[in-house]
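Dear colleague,

Please find below the structure that I am handing over to you. My notes on what was found in it follow directly after.

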Amino acid sequence: MINNQTMSKLYLCILPFIIIFSITGCKTDTPVKRATIISDTKPEQPAPVLKDVLLGCRNGIYYSKKGGSPVLLREEPRVSKILKTSYGYFFKSENGILFSDNLTDFSYMNTGINKKTLKHFDGQKKYFKIVIDDLKDLEFDPVNENNLITATKDGAYYSTNRGQNWDFLPNPGTVNGIKSVAIYTQNKNTYIMVSHPYKGIYLKNLTSKSKWELINTGLYQYGWDYEEISDITAVPNDTDSPDIYAISNFNMNIYKYDTKNKRWISIYKNTSGFEVAESLGKIGDNLYFINENSILSCEISSGNLMKSEIKDIYDKYSEDISPDCLSGDINGESINLSGLWILNKPERSPYYEKASGKRGLYLNPQIIKTPAIMQDYITFLKKSGLNSAVIDMKDDNGNLRFNTNNPILNKYGKVKNPVNLETLFSYTKKENIYMTARVVLFKDPVLYNYDGGKFAVKDRLTGNQWAGYTLSSTGEQVFYEESWVDPFCEYVWMYNVELCKELIKLGFDEIQFDYVRFPTDGDNLNEIVYRYKDSGMDKESALISFLQYARENIKAPISIDIYGANGWYRTGGRTGQETEMLKDYVDVICPMYYPSHFDDSFMNYPPSSMRTYRIYYYGSLRNYYISRRKVVIRPYVQAFKMGVAYDVEFYGREYILNQLNGIKDATNNGFTFWNTSSNYKDIFFLKDKNYFN
């Protein structure tokens, strides 16, 4: 967490993809009642006639003959998509692309796909593991099955020789993030489509090697941004141009692409607010897709929705093996479903329940040093119906805010103005207050200066410790007040994790990481040298490696603070704070959706007073589903006023309550009030009426 003015600047400078115009659709200012989307206008369908079915699960590939009991064909980590072609089967797994032409012999088809090097540290030695980048989608060309396409967040990979090797095209958007792709042949030209989290859909002619172009006409737009497309599917027809359909992720709109006029034609327009949708396919005259409630079918000619008989197939296997994807035949036609995680029971850590439902305050350790003031805050918590608190134990200046006899902490750290934890816990444990220790991670002035800068990031030009600066209008270097240590360094990891283990032993219930990222500010970012970077590693693999190390060694819930915009989009921008990645290593994600830190026009349609509700409602839901419901979404709530125009007009009791109601109506899984100085006079009204019990 950082001070309010600095964060405001960062939102403007670091995250240019923050929405800067108001949302014009889904204008609901009350809890969204999920759409009644099941049509009963058609007669009940007979039970589907099944042939062989292949299923991908977290532990491998299963085969079911004519709907019989599934048999494990091959152990394979997290198989999330299956493609059936005329010459064999492709499987997307955590190990990359797998192929088999007989379902007996399998081989990987990963040539050309980027690999990451992950580092494992056991406290003494380090070991390395090579892994394939996380693949987001897998499709083949319905006209020429030799052509395939897959993608990572950083770009698309296409193959014109049945996956023998893959060529890379960088992400066409300004920041990373890809959800779905498609490849198709039209008039002897091969095209690919790529969906971006907020830019819309990009199109590229591979045959003519043309530049990427945006093809967004007809897509749902809010302000300057487009709703994310969760799936694109190309299906053959009787012409030389396949039919192309797309479905949006968080409002369930369905489109058909007009290739001649390069525009999207609406097939189904959702008018009931937030809806999540995945995996679009076609059978006969209907499209099918997955909604949180069911597998649905949409009649292309009318746009009518109804339950799909495919749901019966999923139900046959859901209890035993919880498939992530399936491929097979139904009534003589091929089906292909991925994204079945929406229907499966969420895979959650053992700490999920412990961390759920926590409503609290951030407590500045400088403020609560005396027992009397500690007691005042505990009393306020209880009277307001709150049940948790977050307090700095390694602060933004790298100081430890508690006394310790741990030799490692005393060697690398510095204790300053410690809190009397024994006294604090005597109050909190008596009142059953859940306590979280905030640990500022890679921004650490104390460790930065240790032993002449042994663990600091270095400056390529001077050889000294690097410090970010911006150039003034006169050419003067104006330095940021940030000191960064090397996130690749396993000794930095060890110190911080040892700190966390000590805090759990002392009585904290949860560890909260802040600044789990690389430096992002400075005209001289290109001059940074990461001396501890091992061969094959990049920034993402450094963060993953650290979080794996932390997860293995911290036997308690782990939470992490992220920018609010990272809770809206499937991208980490320059920070690397990607919810899709973080969900596998932490138990709680804490987005900072502070309304004052978005442009005043963001979500600001009439009535403007409800803007704060919208930000927290939609932000919480989007982050919940981007994380696949795996982690607790516990946003930070703004309990301070800034000098921006919206706050000047609206900040007050309703402003705060709208934030809380947005969270309650979305995920209702907790929140934390943030005020840098812990001056909570703006929420004293909560004592008058217990809003949470």
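In this predicted model, I begin with the largest nonpolar core, which contains 168 residues. Within this core, the residues that touch the most other members are Met193, Trp264, Leu361, Phe442, Phe513 and Phe673. Helix H11 supplies the largest share of the core, with nine residues.

After H11 comes Arg628, which has a positive phi, near 55°.

Phe513 leads on to strand S36. Leaving aside residues up to four places away in sequence, Phe513 touches Val439, Leu441, Cys500, Phe546, Ala550, Ile554, Ile558, Ser559, Ile560 and Asp561. Strand S36 itself covers residues 510-514, and five of its five residues are buried, so the strand is largely enclosed by the rest of the structure. In a regular strand, side chains alternate between the two faces of the sheet. Both faces of S36 are covered: Ile511 and Phe513 are buried on one side, and Glu510, Gln512 and Asp514 are buried on the other.

The pairing of S36 is as follows. Strand S32 (residues 434-440) pairs with S36 in the parallel sense over five bridges, and Thr436 has Glu510 in S36 as its bridge partner. Strand S38 (residues 558-563) also runs parallel to S36, to which it is joined by three bridges. Here, Gln512 has Ser559 in S38 as its bridge partner.

Elsewhere, there is an open sheet of four strands in the order S4-S5-S6-S7, with antiparallel pairing. Its edge strands are S4 (81-85) and S7 (107-108), each of which pairs on one side only. Strand S5 (residues 88-93) and strand S6 (residues 96-100) form an antiparallel pair over five bridges, and Phe91 stands opposite Leu98 in S6.

With kind regards

Technical notes:
Residues are numbered from 1 along each chain as its sequence is written. This is a predicted model: local features need pLDDT of at least 70, side-chain atom pairs count only at pLDDT 80 or more; totals for chains, interfaces and linings use all residues. Side-chain values use heavy atoms; hydrogens and water are left out. Helices (H or I, at least four residues) and strands (E, at least two) are DSSP runs, numbered from the N terminus. A nonpolar core is a set of buried Ala, Val, Leu, Ile, Met, Phe, Trp, Tyr and Cys residues joined through side-chain atoms within 4.5 Å. Buried means under 20% relative accessible area, exposed over 50%, partly exposed in between (1.4 Å probe, protein chains only). Contact means heavy atoms within 4.5 Å. Two strands pair if DSSP finds at least two bridges between them.
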